[in-house]
Amino acid sequence: MINDKRKVVLVGTGMVGMSYAYALLNQNVCDELVLLDLDKKRAEGEAMDLNHGLAFSAANMKIYAGEYEDCKDADIVVISAGVAQKPGETRLALLKRNARVFQSIVEPVTASGFDGIFLVATNPVDIMTKITYILSGFNPRKVLGTGTALDTARLRYLLGEYLRVDPKNVHAYVMGEHGDSEFVPWSQAQIATKSILELCEDNPEVDRQQLIKIEKEVQEAAYKIIEAKHATYYGIGMALTRITKAILGNENSVLTVSAMLKGEYGQTDVFSGVPCIINKSGVQRVLKLSLTTEENERLGTSCKVLRECYNELAGDNI
């Protein structure tokens, strides 16, 4: 339900959620921000802390800890809640626990009468986005995850550093699972309108092998950050904010979010990170790139990983 208030409800006030909330405040993205958490006292404290900074911000936001009933007239419900992986716990076991958490969230959100956009950040984000879609019964275009939006930002930053170009002028994407099977379709990578692969051929200073190293660095970035500081949250908070701006501003911006594929790239019934046009309706459409045969196969492999993971979880009666 799009309304003039630009209302966002955030479920989960951990580091990811609050990095997002802090970015919303500093960028003046919405007019009303509701914080929900199982720990209501924490949500209240976070709301107080943000409100105390309003005098230093250009924003005039209403920020408060609320209840699921507050979702009724929200434009977007963002889910960043979830449980952390225990030592020695398998990915499937973690998925099962997070699936139960999401059931306790999505059901009361939809029961409130909410008819806006679900935006999911909880990992593994592609699987959790599909779970949100199944539990909510919403049109899949109104359910999206952060997908490879942050991975794409990491890629553009690293390419900008290597090629000495402003990352804003780097047009390249990370596609597939937000995880180990993600990949860069180099055939689609450009500096302005110049193909990066052509740049490798024309300029001896640009090494094709270095591009492969950059792709690997993007894939391993989260592991390195977690090793250094135990968690990642600023980057994903800003990625969430960028997606939120595209929705509330009805921008028709191209972002690599986790969206359901309905035959695009030969894939169906799977949520995966792909370039999409994002506006007030959520995923307006998946933007189909002209991938090479090899790139299309890599996307197929990544989607297969996601499909098998979800099917294993679903077979265990989530």
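In the predicted model, Phe 138 has a relative accessibility of 12% and therefore counts as buried, the cut-off being under 20%. Phe 118, at 0% relative accessibility, is likewise classed as buried. A search of the whole structure returns 5 aromatic pairs. In one of them, the ring centres of Phe 118 and Phe 138 are separated by 5.2 Å and the ring planes meet at 55°, so the arrangement is tilted. This pair links distant parts of the chain, with Phe 118 placed in strand β5 (residues 117-120) and Phe 138 in the loop between α4 and β6 (143-145), 20 residues apart. Together with Phe 114, Phe 118 and Phe 138 make up one aromatic cluster.

A tilted aromatic pair is also formed by Tyr 133 and Phe 271, with 5.7 Å from centre to centre and 45° between the planes. Because Tyr 133 belongs to helix α4 and Phe 271 to strand β11 (residues 268-279), the pair ties together parts that are 138 residues apart in sequence. Phe 271 has a relative accessible area of 2% and is therefore buried.

Helix α4 itself spans residues 125-136. Its 12 residues extend 16 Å from the first C-alpha to the last, close to the 16 Å expected at 1.5 Å a residue. The helix is mostly covered, with 9 of its 12 residues buried. The buried positions comprise Val 125, Asp 126, Ile 127, Met 128, Thr 129, Lys 130, Ile 131, Thr 132 and Ser 136. Among these buried residues is Lys 130, which lies over the face of Tyr 310 at 4.4 Å from the ring centre. Gly 137 follows α4 and has a positive phi, near 75°. A further placement of a charge over a ring involves Arg 156, whose charged end sits over Tyr 173, 5.1 Å from the centre of the ring.

The largest nonpolar core contains 81 residues. The members that touch the most other members are Leu 33, Val 77, Phe 118, Met 175, Val 257 and Ile 278. When residues up to four places away in sequence are not counted, Leu 33 touches Val 8, Leu 10, Ala 21, Leu 24, Leu 50, Met 61, Lys 62, Ile 63 and Tyr 64.

Terms used. Residues numbered from 1 in each chain as written. Predicted model: local features only at pLDDT ≥ 70, side-chain atom pairs only at ≥ 80, totals over all residues. Heavy atoms only, no water. Helix = DSSP H or I, 4+ residues; strand = E, 2+ residues; numbered from the N terminus. Expected span 1.5 Å × (residues − 1). Buried < 20%, exposed > 50% of the residue type's maximum accessible area, 1.4 Å probe, protein only. Core = buried A, V, L, I, M, F, W, Y, C linked by side-chain atoms within 4.5 Å. Contact = heavy atoms within 4.5 Å. Phe/Tyr/Trp six-rings, centres within 6.5 Å; stacked < 30°, edge-to-face > 60°. Lys NZ or Arg CZ within 6 Å of the ring centre and 35° of its normal.
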